[in-house]
Amino acid sequence: SISDCHSLLISYALCHQLPIGLLLLSLHFYLNYMEKHRKRDMVFCCLLYFPACMIYEAFTLALIIYGLIALYLNKENNKDLFCYFKRCFFDIIFPFLTALIYVIVYFGLKKAHPVVSFYDGTDFYFSEPFLSIRAAIGYTAGVFPFTIFENIILNTPIGIKGFIKTVGITGFVKGAVVAVAAVMLLKRITLKKKKTLLILITVSGTIVPTILIGFTSKYMKWSSERGMKGYVPSFYSYFFLIALICTIAVCVYSIIKDKRMKQVFVVCMAFFTFSASVVADFNNGIIKPFYEQQFFKCKVFDMTLNDELSALKEETDFYIPENVGINASEIYTEDYIRVYTDISVNAIMNTQLPDFENPTVCLRYNESYEAGIYGVIDSDYRTDSLKVITPLLNSLQAIVIATSDGGTVRFENVKNGDILNAPEGLYFDMSKNPMR
C-alpha cells in the first residue's frame, strides 16, 4: 500500500529504499559468516552495514539483531558460559565497531558544522517508557495494508459500493492471482535456516527500526495523543513483518499433519492474502489522488520559483493561498525558496494574508492544480499582467480569469509561459481564485 503518512514508495527517492536493502544484504553476509566463519563475509557485512547507518540512523540499533543471531547460533557450540560469551563478543565486535564509527562521525560532523534546525523529532523522552514502548510497537505495522485501511475507514465515509468501485475488477482479479501464487509458494517453501532463528530475526527486525522514534517526545505523543500508527521507520519494519508472517505460515503448514486441516489452513491463508491485496488496492485508490494533487501543486510552485524568483532584486512576499508549502511549514518553504535566490522572500501560505509592505507575487491554481497563473499584485489584489505555468500540460484549451469589474475574460489555447494581459482599463482580480 501507499502509506497515508510519509509514503516512502513515492518520496525520498532511493534515500530510504537503499538502506533496507543494504541492511538485509549485511545480515545475509553475517549469517554466512556465522555459518562458515569466512573473513570476507564479515568484511562485506560491515561494508554494507555502515552506509545503511549513514543513510538512516535508526539502523544503528540493528546491532540488536546481530547480537541475537550471535547469541542463538553460539549456544550449541559453547557449553562453557565464559567461552560462550567470549565467542559471542568476537562475533559481534566488528558490527559494533562499525556502528560506533558511524556515531563518532555523526557527532563529530555535528560539532564541526553546527546547524540550526527547527526539527524536534530527535529529542529523546524517557519519562513514560510504557507509552514509548507502545508507540514503538504500534509504528511497526504502520504500512501494513489493514492498518492503513483502518485509518481510512475511520476518517472517510465510504460504503460497500464505494469500496468495490475504488478497487475495480482489476483489483479483485489481482487479489485472486496473488492468493493462488501465495498458496503455491506455501506448499513448496522449505526452510533451510533454523525456524527459531528466522522468527528471532524477523521479530527483532520488525521492532528495531521503530525503537528510536518511540522514545522521542514528538513521535511518542503523535502515537498516544493523535493516534498516529505509521511513520518513516514503519517502511523498514514492513519487510521484516511480512517475512515474519511468511515464516509463521510455513512453520504452521509444516507442523499440521492432518490433510483436512492443511486444506483449511491453506484456504485461510489464501483468503488472508486475497484480502490484503484487495485492501492495498483500495488504500492506493483513496490515497493516490491526494498525492497526485500534491505533486501537481509542487510542480507548478517549483516552476514559478525557477521562473520568477531568480530575477528578484529586492525583498519580496510570495503569496500562495492554495498551497500549504513544504511540509505545511513557512520555515521549510522559505528555506527551499533560498535555493533559487539570495534575496529575502517571505512565504505567505494557505489562510495567511499579505501586508503588502514588500512587492507581492501571487500564485493561483486551476481546479485540478495542474496549471497556475502568477503576477505581482497591488494592495487590492489586482494585476494587469499574468504568466501561465503548465509544467505537466502541453496547453490548456481555455482559461477564464476574473477581472476587477466583476466580470471575466477568456483566453483560448493557452500554453506554458504565455503572458496574459488584462483588457484595457481593467485588472485581473486575484483576491479570490480567478481561474475557471
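A salt bridge here is a side-chain nitrogen of Lys or Arg within 4 Å of a carboxyl oxygen of Asp or Glu. Searching the whole structure with that rule turns up 9 salt bridges. Before we visit some of them, a word on what you're looking at. This is a predicted model, in which local features need pLDDT of at least 70 and side-chain atom pairs count only at pLDDT 80 or more, while totals for chains, interfaces and linings use all residues. Residues are numbered from 1 along each chain as its sequence is written, and side-chain values use heavy atoms, with hydrogens and water left out.

Let's start with the whole chain. Its secondary structure comes to 12 helices and 10 strands, where helices (H or I, at least four residues) and strands (E, at least two) are DSSP runs numbered from the N terminus. The radius of gyration is 28 Å, well over the 22 Å that the globule rule gives for 436 residues, so the chain is more spread out than a compact globule. That radius is taken over C-alpha atoms, and the globule rule is 2.2 Å times the number of residues to the power 0.38. Along the principal axes, the C-alpha atoms fill a box of roughly 95 × 60 × 40 Å. Of the 436 residues, 42% count as buried; buried means under 20% relative accessible area, exposed over 50%, and partly exposed in between (1.4 Å probe, protein chains only). As for contacts (heavy atoms within 4.5 Å), take those between residues at least 6 apart in sequence: 72% of them join residues at least 24 apart.

Now pick out helix 1, residues 17–36. With 20 residues, helix 1 reaches 29 Å from its first C-alpha to its last, close to the 28 Å expected at 1.5 Å a residue; the expected span is 1.5 Å times one less than the number of residues. Its buried residues include Leu-23, Leu-27, Tyr-30, Leu-31 and Met-34. The buried residues of helix 1 pack against helix 2 (39–55), helix 3, helix 4 (81–112), helix 8 and helix 10. Asn-32 also sits in helix 1, and it counts as buried because its relative accessibility is 14%. Leaving aside residues up to four places away in sequence, Asn-32 touches His-37 and Asp-41.

One of the packing partners of helix 1 is helix 8, which covers residues 195–214. Helix 8 has 20 residues and spans 29 Å between its end C-alphas, close to the expected 28 Å. Look for a kink of about 30° at Val-208, shortly before the proline Pro-209; the bend at a residue is the angle between axes fitted to the seven residues ending there and the seven starting there. Val-208 and Pro-209 are both among the buried residues of helix 8. Those buried residues pack against helix 1, helix 3 (63–74), helix 5 (129–140), helix 9 (217–226) and helix 10 (234–255).

Side chains of opposite charge can pair when their charged atoms come close. Lys-229 pairs with Glu-150, with the closest N and O atoms 2.9 Å apart. This pair links distant parts of the chain, 79 residues apart: Lys-229 lies in the loop between helix 9 and helix 10, and Glu-150 in helix 6 (residues 145–155). Lys-229 counts as partly exposed because its relative accessibility is 26%, and Glu-150 is partly exposed at 34%. Arg-364 forms a salt bridge with Glu-322, where the closest N and O atoms are 2.5 Å apart. Here, too, distant parts of the chain are linked: Arg-364 is in strand 3 (residues 360–365) and Glu-322 in the loop between strand 1 (316–320) and helix 12 (330–337), 42 residues apart. Both Arg-364 and Glu-322 are buried.

Finally, turn to strand 7 (residues 395–402) and strand 8 (residues 408–415), which pair in the antiparallel sense over 7 bridges. Two strands pair if DSSP finds at least two bridges between them. Ser-395 stands opposite Lys-415 in strand 8. The hairpin has 5 residues between the strands, and Gly-406 takes a positive phi near 90° there. Another salt bridge joins Glu-412 to Arg-410, with the closest N and O atoms 2.4 Å apart. Glu-412 is partly exposed at 48% relative accessibility, whereas Arg-410 is exposed at 52%.
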